[in-house]
Amino acid sequence: QVQLVESGGGLVQAGGSLRLSCTASGRAFSSNAMGWFRQAPGKEREYVATINGSGGTTFYRDSVKGRFTISRDNAKNTVYLQMSNLKPEDTAVYYCNAEDLATGSWGDWWGQGTQVTVSS
């Protein structure tokens with residue numbers, strides 16, 4: 001059974017930093033793109049950043065460019081999100097997911113998420 005477990009969230013002041021981790025179990029995802037998403041209260045889940053299987057290609061939503069960095073360690077089956085210069089509008093539950101190579105879409109492997117709260 002595939003499981004994605006996010007960790008590393010917390011409460012931080014504006015301008016601070018956090019590093020999120022997402023570890024997969026049940027199968028290897030070294031060939032799959034991985035992504036971070038977030039959902040703020042009352043809002044839909046939105047994409048934050050994605051990384052391809054080798055880690056050589058990354059994409060970010062405009063609002064986090066220059067502040068967030070996505071990376072992965074395929075030997076540990078883990079993807080990271082380094083967040084710096086955090087803003088109150090970054091407050092959300094952060095989730096990771098993996099590309100389902102059979103469909104080309106994000107898989108049905110959503111974890112429980114990790115809460116990030118940024119105080120002003």
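The following legends describe close-up views of a predicted model. Local features need pLDDT of at least 70 and side-chain atom pairs pLDDT 80 or more, whereas totals for chains, interfaces and linings use all residues. Residues are numbered from 1 along each chain as its sequence is written, and side-chain values use heavy atoms, without hydrogens and water.

**View 1. An aromatic cluster is formed by Phe 37, Tyr 95, Trp 106 and Trp 110.** The ring centres of Phe 37 and Trp 110 are 5.0 Å apart with planes at 80°, so this pair is edge-to-face (centres within 6.5 Å, planes over 60 degrees apart; the six-membered ring is used for Trp). Phe 37 is buried at 6% relative accessible area, while Trp 110 is partly exposed at 32% (buried is under 20%, exposed over 50%, partly exposed in between; 1.4 Å probe, protein chains only).

**View 2. Two arginines lie over tyrosine faces.** Arg 19 is placed 4.0 Å from the ring centre of Tyr 80, and Arg 45 is 4.2 Å from that of Tyr 95 (CZ of Arg or NZ of Lys within 6 Å of the ring centre and within 35 degrees of the ring normal).

**View 3. Asp 90 takes part in salt bridges with Arg 38 and Arg 67.** The N to O distance is 3.0 Å for Arg 38 and 2.8 Å for Arg 67 (a side-chain nitrogen of Lys or Arg within 4 Å of a carboxyl oxygen of Asp or Glu). Asp 90 is buried at 0% relative accessibility, and Arg 67 is buried at 9%. Shared partners join Arg 38, Glu 46, Arg 61, Arg 67 and Asp 90 into one network of salt bridges.

Conventions
Rings of Phe, Tyr and Trp (its six-membered ring) pair if their centres lie within 6.5 Å; planes under 30 degrees apart count as stacked, over 60 as edge-to-face and the rest as tilted.
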